[in-house]
Amino acid sequence: GPRPEARAGGVVIAFRDMSIKQKLMLLMMLTSSAALLLACVAFVTYELVTMRQQMVRELSALAGIIADNSTAALSFKARKSAEETLSTLAAKEQIVAAALYGADGLLFARYLRAGTPPGAVPDGTEAVGYRFESGRLLLFAPVHMDRDRIGTVFLQSDLSLMVARLKRYTAIVVAVMAASSVLALLLASWLQGVISGPILDLVGTTRVVAIEKNYAARAVRKSKDEVGLLIDGFNDMLTQIQERDRALQAARAALEQRVEERTRELQQQVSYIQLLRTVAALANETSTIEELLQRCLDAVCALTGWPVGHVYVRSPDTRDLLVPLDVWHLDDPQLFAVFREVTEATPLRRGEGLLGRVMETGKPAWVSNVLDDPNFVRSGVAGDIEVRAAFFFPVVVGGEVAAVLEFFSAEVIERDDK
């Protein structure tokens, strides 16, 4: 086969012939993966050491409990009682074997997990302490009564809990490595654009200038390196043409804006004149005040596009009281049925609520959102009344407000002085 030097040289050549984008992505992925792998190895190593220490502490505590519960059995040579104490370890699945030794160091009682050979328990005691061997943790602990040592307790535990936890950690490491690799790939694919992006942007700008004759286009300088200097030179070359085009575009835009504003003003004036003519004609054509008000509501709503119009009139019996008149313009009667019901049940006194203030001042009023105005008393009577913006216009007869025309929109609309 090829020598290692030849294989290494082939790898170097292959790396050298890669595109800049591929090189950057490969280097960033290798760097991030190596750093993450080192961190994961350190984490798993730390957890392994910690788990071993924790197992020793837990097994030592368990041995202490067995020792405390076995003092009487060892003192009175009650072998059966000692075996019963040891048999409680069956609740601990990781305990493989356990034993009690007398003060003479000889085996006194033992416990073996199902399937465990008798040889798992030493015939004689050993020095107090613990050790890991053959995938097991062995621990010898003294049994004291008062201050005298009367025996030794032996516990042997498998490492199933630690192995299961290490498997989980390994799965987590693999998942994190996989997710990190994907994230590193995405970040590398995005970050490589810092180098290749400005060049591609410059090429795109030259095409726009050449094909569309758009000399106002500019390449964006994103760095101070040689590519940035190249972009500056290209932009300087187009400066004079760009300034000329900008002046022409500004003049044309200003003219178009002025024409648009003037056209809108003329349209509004024509609409207002038409509305006045309509109201004047209605005054001659209608026979009752209710019919006149109805036609006025319809005309104003048609002009403004607002879906709701209504009239409050001054009560003939009480001069300071506005009462709702059964004159409505409703684009959707079903949608505004609740609002109509609430309105027809709500008379208003002078100075009370928005209409009362209009009656008191004799001046029109505009509300962008009646739900935000505490003076609009009808919004708190029922649920959603489906109206938002409102405009109130007083009808003054003989210096007194005889009626108030109110118009509503289903949307929030800021005040328009025009």
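Q: Where does Trp190 sit in this model?
A: Trp190 is part of helix α4. Keep in mind that the model is predicted.

Q: And is Trp190 buried or exposed?
A: Trp190 counts as exposed, because its relative accessibility is 64% and the cut-off for exposed is over 50%.

Q: Which residues make up the nonpolar surface patch?
A: Trp190 is one of them, along with Leu183, Leu187, Leu191 and Val194. Together they make a patch of about 530 Å².

Q: Which helix gives the most to that patch?
A: That's helix α4, which covers residues 160–191 and puts in 4 residues.

Q: OK, zooming out. How many helices and strands does the chain have?
A: There are 10 helices and 11 strands in the chain.

Q: Is the chain a compact globule or more spread out?
A: More spread out than a compact globule, because its radius of gyration is 46 Å, while the globule rule gives 22 Å for 418 residues. Along the principal axes, the C-alpha atoms fill a box of roughly 130 × 75 × 35 Å.

Q: What share of the residues is buried?
A: Buried residues are 31% of the 418 in the chain. As for the surface, the accessible area is about 25,600 Å², and 59% of that belongs to carbon and sulfur atoms.

Q: What about contacts between residues 24 or more positions apart?
A: Those account for 54% of the chain's contacts with a separation of 6 or more.

Q: Let's look at a single residue. Where is Thr152 found?
A: Thr152 is in strand β5, which spans residues 148–158.

Q: Buried or exposed, that Thr152?
A: Buried, because Thr152 has a relative accessibility of 2%.

Q: What does the side chain of Thr152 make a polar contact with?
A: With the side chain of Arg149, at 2.7 Å. Leaving out residues up to four places away in sequence, Thr152 also touches several others, including Tyr101, Thr125 and Phe140.

Q: Now Asn369, which loop is that in?
A: Asn369 is in the loop between β9 (365–367) and β10 (390–397). Asn369 counts as buried, because its relative accessible area is 14%.

Q: What lies 3.1 Å from a polar atom of the Asn369 side chain?
A: The backbone nitrogen of Leu371 does. If you skip residues up to four places away in sequence, Asn369 touches Arg388 and Val412.

Q: Switching topic: how many salt bridges are there in the whole structure?
A: A search finds 11 salt bridges. One of them is between the side chains of Arg221 and Asp232, at 2.1 Å from N to O.

Q: Where are those two, Arg221 and Asp232?
A: Arg221 is in the loop between α5 (193–212) and α6 (226–237), and Asp232 is in helix α6, 11 residues apart. Arg221 is partly exposed at 35% relative accessible area, and Asp232 is partly exposed at 25%.

Q: What about Arg295 and Glu291, why are they about one helical turn apart?
A: Because they are 4 residues apart in helix α8, residues 289–304.

Terms used: Residues are numbered from 1 along each chain as its sequence is written. This is a predicted model: local features need pLDDT of at least 70, side-chain atom pairs count only at pLDDT 80 or more; totals for chains, interfaces and linings use all residues. Side-chain values use heavy atoms; hydrogens and water are left out. Patches are made of residues with over 30% relative accessible area and no salt bridge: like charges are joined within 9 Å, nonpolar side chains (Val, Leu, Ile, Met, Phe, Trp, Tyr) within 5 Å. Accessible areas come from the Shrake-Rupley method with a 1.4 Å probe; for residues, only the protein chains shown count as cover. A salt bridge is a side-chain nitrogen of Lys or Arg within 4 Å of a carboxyl oxygen of Asp or Glu. Buried means under 20% relative accessible area, exposed over 50%, partly exposed in between (1.4 Å probe, protein chains only). The radius of gyration is taken over C-alpha atoms; the globule rule is 2.2 Å times the number of residues to the power 0.38. Contact means heavy atoms within 4.5 Å. A polar contact is a pair of N or O atoms within 3.5 Å; within protein, one must be able to donate a hydrogen and the other to accept it, and residues adjacent in sequence count only if both atoms are side-chain atoms.
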